[in-house]
Structure formats: C-alpha cells, structure tokens
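Visitor: I would like to learn how to read the features of a fold, one at a time. Could you take me through this one?

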Amino acid sequence: MEVRKYKSADIKEILQLFYDTVHSVNVKDYTQEQVDVWATGDENVEEWDQSLLSHHSYVAVENGLIVGFGDIDETGYLDRLFVHKDYQKKGIATALCNKLESLIDWDCVTVEASITAKSFFEKRNYVVVQEQQVERNGILLKNYIMQKGL
C-alpha cells in the first residue's frame, strides 16, 4: 500500500469511496435516513476538491485503487478519514492517521468521530470531549468531538 498526496484527479474515486463506505459500513451504526443525508451521492465535487486541496490530504492506494483517504487542516482538525468498504481493518486508517498526525505543529489533534469511528480513535488515545448531535437536512446524527495530545 502506498500513501501519497491527494490530487484533483482523485476526487471522483474519493467521492464514490465516501458514499459506498457510509452506506455499507456506517449504516451499521446509523439509520438509512441518516446515511442518506450524510452521503447523498450528490456532493459538490468542486467544494470537496477545494477543501481537500486546502488541507494536508492523503490517499492510500493499493493495486491502483484508492482504498482510503484523509485530511487534516493547519489547526490540527482531522476533517475526514474514510476507508474503502472492502478494505476495512487492514491498517489503512492507521497508516493515514499516522501520516496526518505527523504533519501538524499543534500539540493536539481534534476530530469529530462517528459512532463507527469512535473506537478506532479511542485505541489511538483520543478522548471524548463532547458528544454532539449534528443536523443535516433536518436529520440528527450523533458523533463525538475527540482530542489527542501529541
């Protein structure tokens, strides 16, 4: 597996991975209605691309396929971390997270972790600061603000 910088040419594959993962993996912890508003399949390609380009963004590639991606901004906010639905529990999120955490100069990393991702971050010594309900199109989704000191 190779971990490399994100490039704009990756965006369509990343958006498909995001949609498939939320609808196949996260649906175990969220209702169908919740995953439908979380990953609509109609995400704004240009907004996602600009966001990923403005952050430290990396993809994990195996046999030419993007199997994961993640990004962190300059403040230490880990914005996204997703692994392909067919490549779960193979160390991909760990490799991406290791890379992202190594890129920032802050003492602390903050993430808004889904119910699904909470245990992954706990194993990495993140602690829950606050449970919250995030609203998307009138639908509430529970997640956790978590932090880790570096």
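Guide: Gladly, and we begin with pairing: two strands pair if DSSP finds at least two bridges between them. Helices (H or I, at least four residues) and strands (E, at least two) are DSSP runs, numbered from the N terminus. In this structure, strand β5 (residues 108-114) pairs with strand β7 (residues 139-149) in the antiparallel sense, over 7 bridges. Valine 111, for instance, has methionine 146 of β7 as its bridge partner, and serine 114 stands opposite asparagine 143 in β7.

Visitor: Before we go on, what kind of model is this?

Guide: This is a predicted model, in which local features need pLDDT of at least 70 and side-chain atom pairs count only at pLDDT 80 or more, while totals for chains, interfaces and linings use all residues. Residues are numbered from 1 along each chain as its sequence is written, and side-chain values use heavy atoms, with hydrogens and water left out.

Visitor: In what order do the strands form the sheet?

Guide: The sheet is open, with 7 strands in the order β1-β2-β3-β4-β5-β7-β6 and mixed pairing. β1 (2-5) and β6 (127-136) are at the edges with a single partner strand each, so one side of each has no neighbour in the sheet. On average, neighbouring strands of this sheet are turned by 25° against each other, direction ignored. Axes here are lines fitted to C-alpha atoms, for helices over the stretch in contact, and angles run from 0 to 180 degrees between N-to-C directions.

Visitor: How do β6 and β7 pair?

Guide: They pair in the antiparallel sense over 9 bridges, and valine 127 has glutamine 147 in β7 as its bridge partner. The two strands form a hairpin with 2 residues between them, and asparagine 137 in the turn has a positive phi of about 50°.

Visitor: Which residues of α3 are buried?

Guide: Buried means under 20% relative accessible area, exposed means over 50%, and partly exposed is in between (1.4 Å probe, protein chains only). In α3 (residues 45-54), the buried residues are Trp48, Asp49, Ser51 and Leu52. Seen down the axis of α3, they fall within an arc of 165°, so they line one face of the helix; the arc is that of the directions from the helix axis to the C-beta atoms. Exposed Glu46, Glu47 and Ser54 sit on the face turned away from the buried side. The buried residues of α3 pack against α1 (11-24), β2 (56-62), β3 (65-72) and β4 (77-83).

Visitor: Which residue caps the N-terminal end of α3?

Guide: Asparagine 44 does, with a side-chain oxygen 3.1 Å from the backbone nitrogen of glutamate 46.

Visitor: How many aromatic pairs are there?

Guide: Rings of Phe, Tyr and Trp (its six-membered ring) pair if their centres lie within 6.5 Å; planes under 30 degrees apart count as stacked, over 60 as edge-to-face and the rest as tilted. By this rule there are 8 aromatic pairs. Phenylalanine 18 and tryptophan 48 form a tilted one, 4.8 Å centre to centre with 50° between the planes. Phenylalanine 18 lies in helix α1 and tryptophan 48 in helix α3, so this pair ties together parts 30 residues apart in sequence. Ring pairs link Phe18, Tyr30, Trp38, Trp48, Phe69 and Phe82 into a cluster.

Visitor: Which side chains make polar contacts with glutamine 132?

Guide: A polar contact is a pair of N or O atoms within 3.5 Å; within protein, one must be able to donate a hydrogen and the other to accept it, and residues adjacent in sequence count only if both atoms are side-chain atoms. Glutamine 132 lies in strand β6 and is buried at a relative accessible area of 17%. Its side chain has a polar contact of 2.6 Å with that of glutamate 112 and one of 2.8 Å with that of asparagine 143.

Visitor: And is lysine 148 buried or exposed?

Guide: Lysine 148, in strand β7, counts as buried at 15% relative accessibility. Its side chain makes a polar contact of 3.1 Å with the side chain of glutamate 101, and a polar atom of the lysine 148 side chain lies 3.3 Å from the backbone oxygen of arginine 124.

Notes: Contact = heavy atoms within 4.5 Å.
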